[in-house]
Amino acid sequence: MLKKSERRYALVALLEQNPFATDEQLAERFGVSVATIRLDRSALHIPEARERIRRVASDRQDDLRSLDEQELIGRLIKLELNRYAESDLTIQPVHVFRRTGIVRGHILFAQINSLATALMDADVALTAKAELRFSRPVHLGDNVRARVDVIGEHGDVVRCRAVSQVNSEIAVQGIVWVQKDPTDLGADLMDEGEAR
């Protein structure tokens, strides 16, 4: 059984991933009473499930600018333009090699790439460069959660950290550079490389 401080930390993390979890589900998950969960929520200033659901529904997500939602690979979960974006993708038979059931690498790249482009507060944005490391195979039926965060900007080139996970295990991670004005694709990137 977790200590109170550990349980509360885990509670916050779990509710960030699943804000719709009920007190009963949380009590079962942590092996404590519903009253204990309510005390923890109260101490952490976390509202009950009904209020969390209402807040999630009313939270405004930024609108996509640089591409249409149907061009995004995966389902957009969160978007704050020029800050971060998240999506998830359930791996279907069309995404995998038929013989092995392992996802094709370009599918995982496409999820990250489209998310990085969607993140830009610009009418047009293109990938200038990507350095990704594939850490584990992803299989048919897996749900891939991708997150891209802006970590730097140099002129029209935006540097982003990208991470894809399956069940909290990193599948892909790396850096993607996106250029907001593709007329000079690579020019600012070269300047940034020289500056480093």
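Modeller: Here is the sheet, strand by strand, and then the helix across it. This is a predicted model, where local features need pLDDT of at least 70, side-chain atom pairs count only at pLDDT 80 or more, and totals for chains, interfaces and linings use all residues. Residues are numbered from 1 along each chain as its sequence is written, and side-chain values use heavy atoms, with hydrogens and water left out.

Six strands form an open sheet with antiparallel pairing. Their order is S1-S2-S4-S5-S6-S3. Strands here are DSSP runs of E with at least two residues, helices are runs of H or I with at least four, and both are numbered from the N terminus. Two strands pair if DSSP finds at least two bridges between them. Strand S1 (75-80) and strand S3 (126-134) are the edges, each pairing on one side only. From one strand to the next, the twist averages 15°.

Now the S5 and S6 pair. Strand S5 covers residues 157-166, and strand S6 covers residues 169-179. The two run antiparallel, joined by 10 bridges. Val166 stands opposite Glu169 in S6.

Then the helix. Helix H5 (residues 105-118) lies across S1, strand S2 (84-90), S3, strand S4 (143-154), S5 and S6. Contact means heavy atoms within 4.5 Å. H5 runs at about 45° to S4. Axes are lines fitted to C-alpha atoms, for helices over the stretch in contact, and angles run from 0 to 180 degrees between N-to-C directions.
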